[in-house]
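Welcome, and thanks for taking a look at this one with me. Please have the sequence and the model open side by side as you read.

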Amino acid sequence: MERNEILERITPIFQQVFNDNTLVLTEDMEKDDFDNWDSVTQMMLVAMIEKDFCITFKLREVGMLNSIGDFLRAIESKL
């Protein structure tokens, strides 16, 4: 699966978690670009992505997911 396909697939997850259907993700977006991206939000994103892609992140990996690019690379490495 190519990175742009992963980005298209995680966009609805981010839209749901952040309750913003107009949200358009780009690879260079970081945690600070989002309102309310806290530890609870992080775990919601991780859980939904794990379920959608049938993958599992290790705890230390979760702590390193601070941008859309980080998510894309992490997902890509597990597929």
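Which residues of H2 are buried? They are Thr-41, Gln-42, Leu-45, Val-46, Ile-49, Glu-50 and Phe-53. Please keep in mind that this is a predicted model.

**Helix H2**

- Seen down the axis of H2, the buried residues fall within an arc of 165°, so they line one face of the helix.
- Those buried residues pack against H1, helix H3 (59-62) and H4.
- On the face turned away from the buried side, H2 carries the exposed residues Val-40 and Lys-51.
- The length of H2 agrees with expectation: at 1.5 Å a residue, its 15 residues should span 21 Å, and the end C-alpha atoms are 21 Å apart.
- At the N-terminal end, H2 is capped by Asp-38, which has a side-chain oxygen 3.2 Å from the backbone nitrogen of Val-40.

**The largest nonpolar core**

- As general background, nonpolar side chains tend to be buried together in soluble globular proteins.
- Here, the largest nonpolar core has 25 residues, and the members that touch the most others are Ile-10, Phe-14, Leu-25, Phe-34, Ile-49 and Ile-68.
- Two or more residues of this core come from each of helix H1 (3-17), helix H2 (39-53) and helix H4 (68-78). H1 gives the most, with 6 residues.

**Aromatic rings**

- There are 8 aromatic pairs in the structure.
- The rings of Phe-14 and Phe-71 have centres 5.6 Å apart and planes at 90°, so this pair is edge-to-face. Phe-14 sits in helix H1 and Phe-71 in helix H4, so to speak a link between distant parts of the chain, 57 residues apart.- Both Phe-14 and Phe-71 are buried.
- The rings of Trp-37 and Phe-71 have centres 6.1 Å apart and planes at 40°, so this pair is tilted. Trp-37 lies in the loop between H1 and H2 and Phe-71 in helix H4, and the pair links distant parts of the chain, 34 residues apart.
- Trp-37 is buried, as is Phe-71.
- One aromatic cluster is formed by Phe-14, Phe-18, Phe-34, Trp-37 and Phe-71.

**Positive phi values**

- Most residues other than glycine have a negative phi.
- Asn-36, which is not a glycine, has a positive phi near 70°. Its place is in the loop between H1 and H2, and Asn-36 is exposed, with a relative accessible area of 65%.
- Cys-54 follows H2 and has a positive phi of about 55°, although it is not a glycine. Cys-54 lies in the loop between H2 and H3.
- What is the relative accessibility of Cys-54? The value is 69%, and Cys-54 counts as exposed because exposed means over 50%.

Definitions and conventions. Residues numbered from 1 in each chain as written. Predicted model: local features only at pLDDT ≥ 70, side-chain atom pairs only at ≥ 80, totals over all residues. Heavy atoms only, no water. Core = buried A, V, L, I, M, F, W, Y, C linked by side-chain atoms within 4.5 Å. Buried < 20%, exposed > 50% of the residue type's maximum accessible area, 1.4 Å probe, protein only. Helix = DSSP H or I, 4+ residues; strand = E, 2+ residues; numbered from the N terminus. Expected span 1.5 Å × (residues − 1). Arc of directions from axis to C-beta. Contact = heavy atoms within 4.5 Å. Polar contact = N/O pair within 3.5 Å; in protein donor to acceptor, adjacent residues only side chain to side chain. Phe/Tyr/Trp six-rings, centres within 6.5 Å; stacked < 30°, edge-to-face > 60°.
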